[in-house]
Amino acid sequence: MEAHTASESVIAEAHARIDNEIALLKLPICALLTQKNALLPVSRLPCEILATIFLYQAYSFYQNPPYSGMWRAAPPWANVSYVCHQWRNVALSCPFLWSFLLVSPPRWTEELLSRSKTVPLRIHIDVPFGFQEAMIFFEKVTTDITRIQDLSLKLPPDLAQGFFSKLLTPAPLLHTLRLRMPSLDEDAVCPDTLFNRETPALRTLELHHCRIPWSSPIFTALSTLKLRSIDWSSRPTMTELLAMLRHMPDLAHLHLENALRNAKDALTSQHSLLSESLDLPHLSRLALVARFSAVAMFLSNVTVPLKTEIRLFCYSDVGFTASYTPLYQLLERRFNTTSGVGTVIRTLNIKTTRCSAGFVLSTMERHCDVSFYSEDGSHLHEDWDCCIPVKLDIVTNSKDLEHLVGDICRIIPMAHLHTLAHLTSAYMCRLLSSSFIETTFGNLQELNSFSGSCKRKRSIEKAPDIFAPALAELQLNNVPFAGYCRPRSPHCSGSASCLCKALAHRRAKGYVLKKLVIAGSSYVSNAHVEDLCRVVDEVDWDGYTGSSEDEDES
């Protein structure tokens, strides 16, 4: 037994000796690997550049967390501290890297607060219903509200008031405040005592399905104000809104989405002009989503700079006949070329449906997204600073559409228009008069590219002047060509053969089309494409015929 114990002791000593020798061998190997890594290009980056890259990664996660709830481990950007000694030293010596706080376990919350030292904090909380762990996290990170610079809260109603009760002391560094609640019958009401009414550094305020009393001093000195989906009964009156905006002389971004009251009664009673209009001299972005009466009331009482980027989504008021005069006046001021400060439009996209008209105007020759909202409908397209000065989407009665589109096109300076896209439904093709495209766009001398989904034989073939003489590229999408041509009939609705004749007429006059694209259009056959290739330099057809078999044309 003693011999066995002695043998085990010898074995243990041997293991310990070998482990020590291995450790001694690993040290020089690790040192050599460190020296080798130091020769890599990424290791030669200055520490300041590395810290900037780490901060960018952390900020990206903070702005768009991949999911709501709580991190069960370290925040993703903490992984940079595990790569190598250099990266870890850079990360740990950058307190701003650890100032981005999302709901985390208590251990990591304390670690982040410790590593962030005394720098301002950015707190983002997005939690589902009944998520009580978020309150524990929030109590830890709000022990010193004076450090909070950015606060974003997306809360269920069962937690909202508990969170608000922790925000009753002054927040001298608070620059950005975002409050978002789920869609309920009534908006959540934030107490007027929020931050003890002392937020001297606040410049950005976003409220979604919640509100703060409109007379609160929190609506002071803002540069960005976003109100979204405010309950109908809680929305500010135009008088209250203008009173708020008067306290924001440096306002640069104003976003009011379903936050304006219906104003049709005021417009009907000829009281659209309030006692004192408002000038917002520094406004660079304006987004309004509301009934047209509310938009008209706003535009009648607020003056914005000529360089303001504008996004308007208007829909009709029930039982109210809209007057588009305020909209026309805004566009006339915005595109006043006679004063020398107008904007040169190079691209115009128009999309018409049975009851709406959308416009996208760009100062560059480029493709523009006509849609106003994102694909999931959750938010407006963030296409600011993309050379798109104006974007309109107007929902109205179908009988007003042709006049509306025509009036807006007459206001827009199109003398230097290079690219035009007119997307419309088959119903709207029938609704628009046969001369609409001809009279509206036919005389554009610099138009080089036209994309459309509505066939107009008359505008190309029968017009005394050549339609858009500089036209070099024509794209036809989902055009409902007729199955056959009736050249002697006044009711010929236009076939692919008619298109070929019209383009042959242009070529004979010396106006050669360089490229023709046909996609998703009905009653187009290989024979048509062969004929088109004789009069167009390049034809790109997707092969779609729109019929079970090609029809012979007579």
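Residues are numbered from 1 along each chain as its sequence is written, and side-chain values use heavy atoms, with hydrogens and water left out. Because the model is predicted, local features need pLDDT of at least 70 and side-chain atom pairs count only at pLDDT 80 or more, whereas totals for chains, interfaces and linings use all residues.

**View 1. Arg346 and its polar contacts.** Arg346 is found in the loop that runs between α10 (325–334) and β14 (347–352), where helices (H or I, at least four residues) and strands (E, at least two) are DSSP runs numbered from the N terminus. Its side chain reaches the backbone oxygen of His416 at 2.4 Å and makes a polar contact with the side chain of Glu446 at 3.3 Å; a polar contact is a pair of N or O atoms within 3.5 Å, and within protein one must be able to donate a hydrogen and the other to accept it, while residues adjacent in sequence count only if both atoms are side-chain atoms.

**View 2. Cys387 in its loop.** Cys387, in the loop between β15 (356–362) and β16 (390–395), has a positive phi of about 60° although it is not a glycine. Most residues other than glycine have a negative phi. With 33% relative accessibility, Cys387 counts as partly exposed, that is, between buried (under 20% relative accessible area) and exposed (over 50%), for a 1.4 Å probe and protein chains only.

**View 3. Tyr523 in its loop.** Tyr523 lies between β20 (513–519) and α16 (526–533), in the loop that links them. Its phi is near 55°, a positive value in a residue other than glycine, and Tyr523 counts as partly exposed because its relative accessibility is 28%.
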